[in-house]
There are 2 protein chains.
Amino acid sequence: MNSDCENCTLSYRCVPSAISSKELFRFTNIVSTNELYQPHDKLFEQSTKADHLYVVKSGSFKTSIQGSTNNPHVNGFFLPGELIGMESMAGNNYLSSSTAIESSLACKINYRQLGALRKDFPLLSDLSVKLYSQALALSQSILSCVSKQSAAQRLACFILILMERTKQLNRRVSEVYLNMSRQDIASHLGLAVETVSRSFSKLIKHGYIKKNNRHIYITDSKQLQFFSTH
Amino acid sequence: MNSDCENCTLSYRCVPSAISSKELFRFTNIVSTNELYQPHDKLFEQSTKADHLYVVKSGSFKTSIQGSTNNPHVNGFFLPGELIGMESMAGNNYLSSSTAIESSLACKINYRQLGALRKDFPLLSDLSVKLYSQALALSQSILSCVSKQSAAQRLACFILILMERTKQLNRRVSEVYLNMSRQDIASHLGLAVETVSRSFSKLIKHGYIKKNNRHIYITDSKQLQFFSTH
DNA sequence: CGCGCTCTTGATCTTCGTCAACGTGAGTGG
DNA sequence: CCACTCACGTTGACGAAGATCAAGAGCGCG
């Protein structure tokens, strides 16, 4: 695949936004764009050497942490334009494994080479800080989502966060497609699969959402918002 | 207070570690060091203009998010050497309020001025990325802590994370002092205060920890670790 | 059509939130 | 010095919410 970053629809929130088109070749030289991953394909494995950052081009990914005894915990979902592997940059090894949820494209950037590029482009340094700051903000909003007491509140909050993130992709605001399985949602929110199902039913019965399989239609986002914050 | 960053015991994990001592004045010119905060004093208020980053010098702080209706949710604790306000750097306003838990000292750095400094010191750019990466890793380990199903597991995990963080301050490994109230812990973990108390009792009965008020002694960290991961 | 997988619904038991009472320690004032 | 208050923490009793086990429904796919 060639590195056509200049015409990428996501370049405005990626590295190219911090580099003049004249010098863009310096980035396209170090990035592997549009690598294809099928469902269950892995970007990287937990505890292996961390050396690459990934940008989701299309589709979606999840990251999960595997303890020694227990079943893995899904600690993040990643939509187009989002970065995977940011939290592993400080250490030597990846802190989680990353898996494609559906047929997806991702771009691959070497940490070290990106670091070198940052020295020559001050704007890239600013962008890094901005993207990290946003990632931290997202992580904390998910934290406050998961720490809500009622299961239905957690799910409502989860849907709203997903809605905010898809909104940035120029998608329809009142509609969310859940690429991930109920099992993944359950693991992410610290619930049993059955409880997730029941919580969906509860949100539907309240008239906040409608759903068709993994398609969620938000019929009353005001009320859903209110409900999620108790 | 004067800005004696050169002799600060935490400088190795702060901005000065990325700047030669000859040029350190450029940083000490823009930082307000060792500002004193009493319990309940606020570093900043949610939704006000975000313009400063804070470094905890001594004592401890918490951040909390206030919704429109519900009681505030404690979404972070901060120990000496840790940064407060990182997640608000990308937006205009602070996403949470920050409060001193005990009598504490903090250093205050302006975002914009720090950004300017980053352009002149490439090492500072690297440090920023490293610190953000670590903050993100911490945030995710807390997320997987809070998403555990059992209350006692959450508490065990919380204690272990706190232990790891105090370990970096050359404190005794087997001992943790909880500067925060039970109410704050409960809010942070998404539990009721009474459940936190009962979970402490459970961990004690199992023989994993002992405690005296807010002093926690880890008597069997191996077992505590195992218990927390189920 | 039948098989496997995901999702949903129902029944039961466990856990946690809530309400209440009690214990403890610090600060206050008689 | 003691009685008092107040904030914080613990413990008990009870009802509500969720985990678990079990069964059934919906859907894609060979």
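Helices here are DSSP runs of H or I with at least four residues, numbered from the N terminus. Welcome to a predicted model, in which local features need pLDDT of at least 70 and side-chain atom pairs count only at pLDDT 80 or more, while totals for chains, interfaces and linings use all residues. Residues are numbered from 1 along each chain as its sequence is written, chains are lettered from A in the order in which they are written, and side-chain values use heavy atoms, leaving out hydrogens and water.

**The surface near DNA strand C**

- Helix α6 (193-205) of chain A and α6 (193-205) of chain B each supply at least two residues of this surface.
- Around DNA strand C there are 17 residues, where near means a heavy atom within 4 Å of the strand.
- The closest are Ser197(A), Ser201(A), Lys211(A), Ala151(B) and Thr195(B).
- By class, the surface holds three nonpolar, six polar and eight charged residues; Asp, Glu, Lys and Arg count as charged, and Gly is among the polar ones.

**Phosphate contacts**

- A side-chain N or O atom of Lys211(A) lies 2.5 Å from a phosphate oxygen of DNA strand C.
- For Arg182(A), the corresponding distance is 2.8 Å, and for Arg214(A) it is 2.9 Å.

**Nonpolar cores**

- A nonpolar core is a set of buried (under 20% relative accessible area, 1.4 Å probe, protein chains only) Ala, Val, Leu, Ile, Met, Phe, Trp, Tyr and Cys residues joined through side-chain atoms within 4.5 Å.
- In the largest, of 78 residues, Phe27(A), Phe61(A), Phe27(B) and Phe61(B) touch the most other members.
- A second, separate core of 68 residues includes Cys157(A), Leu178(A), Leu178(B) and Leu189(B).

Definitions and conventions:
Buried means under 20% relative accessible area, exposed over 50%, partly exposed in between (1.4 Å probe, protein chains only). A polar contact is a pair of N or O atoms within 3.5 Å; within protein, one must be able to donate a hydrogen and the other to accept it, and residues adjacent in sequence count only if both atoms are side-chain atoms.
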